[in-house]
Amino acid sequence: MSGWLKRLMDALFPYIPKCVGCGVEKGAVNSLCPKCATELSVPEDGWVQGCGLPAYSLFWYDGIAARIVRGYKYSDKRWLSNFMGDRMAAAAWQMGGFDMVCPVP
């Protein structure tokens with residue numbers, strides 16, 4: 001898209017961040033509204049046991065986190081990958097990296 005057309009589209013239809021959990025357009029910070037941000041269940045230090053091996057998890061798979069994952073996997077909401085990818089990259093950076101990343105079905 002040419003530069004002037006993009007500027008025109010941005011002026012007519014400005015980007016308003018939406019909450020990835022509930023879709024509200026007002027007050028979303030870092031892709032979550034205050035209500036959804038408080039509903040995320042976070043493991044105490046992130047480390048959990050998975051199949052007898054230590055594993056790191058950003059969130060417990062329940063509530064808002066489960067809705068986000070299911071929306072991405074089953075409802076073709078591919079734009080949720082930005083939210084999940086940003087959170088995973090930040091966690092990897094904080095921890096100094098991981099030995100392995102594996103998907104959980």
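Me: How many residues does helix H3 have, and what distance does H3 reach from its first C-alpha to its last?
Reply: In this predicted model, helix H3 covers residues 63-74. At 1.5 Å a residue, a span of 16 Å is expected, and H3 comes close to that. The helix has 12 residues and reaches 16 Å.

Me: Which residues in H3 are buried?
Reply: A residue counts as buried when its relative accessible area is under 20%. In H3 that holds for Ile64, Ala65, Ala66, Ile68 and Gly71.

An α-helix has 3.6 residues a turn, so residues three or four places apart point the same way.

Me: Which helices are included in what covers the buried residues of H3?
Reply: The buried residues of H3 include Ile64 and Ile68. Their cover is counted by contact, with heavy atoms within 4.5 Å. Included in the cover of the buried residues of H3 are helix H2 (34-39) and helix H4 (80-95).

Me: Where is aspartate 76 found, and what is its phi near?
Reply: Aspartate 76 lies in the loop between H3 and H4. Most residues other than glycine have a negative phi. Aspartate 76 is not glycine, yet its phi is positive, near 60 degrees.

Me: Is aspartate 76 buried or exposed?
Reply: Exposed means over 50% relative accessible area. Aspartate 76 has a relative accessibility of 57%, so it counts as exposed.

Me: In what order do the elements of the protein run from the N terminus on?
Reply: The secondary structure comes to 4 helices and 2 strands. From the N terminus on, the order is α-α-β-β-α-α.

Me: What is the radius of gyration of the protein, and what does the globule rule give for 105 residues?
Reply: The C-alpha trace spans about 55 × 30 × 25 Å along its principal axes. The protein is more spread out than a compact globule, because its radius of gyration is well over the value from the globule rule.

Me: What percentage of the residues of the protein count as buried?
Reply: The protein exposes about 8,200 Å², and carbon and sulfur atoms supply 61% of that area. Of its 105 residues, the share that counts as buried is 20%.

Me: How far apart in space are glycine 96 and lysine 6?
Reply: Glycine 96 sits in the segment after H4 and is exposed, with a relative accessible area of 70%. In sequence, glycine 96 and lysine 6 are 90 residues apart. In space, C-alpha to C-alpha, the distance is 38 Å.

How values were computed:
Residues numbered from 1 in each chain as written. Predicted model: local features only at pLDDT ≥ 70, side-chain atom pairs only at ≥ 80, totals over all residues. Heavy atoms only, no water. Expected span 1.5 Å × (residues − 1). Buried < 20%, exposed > 50% of the residue type's maximum accessible area, 1.4 Å probe, protein only. Rg over C-alpha atoms; globule rule 2.2 N^0.38 Å. Areas by Shrake-Rupley, 256 points an atom, 1.4 Å probe, with all protein chains shown as cover.
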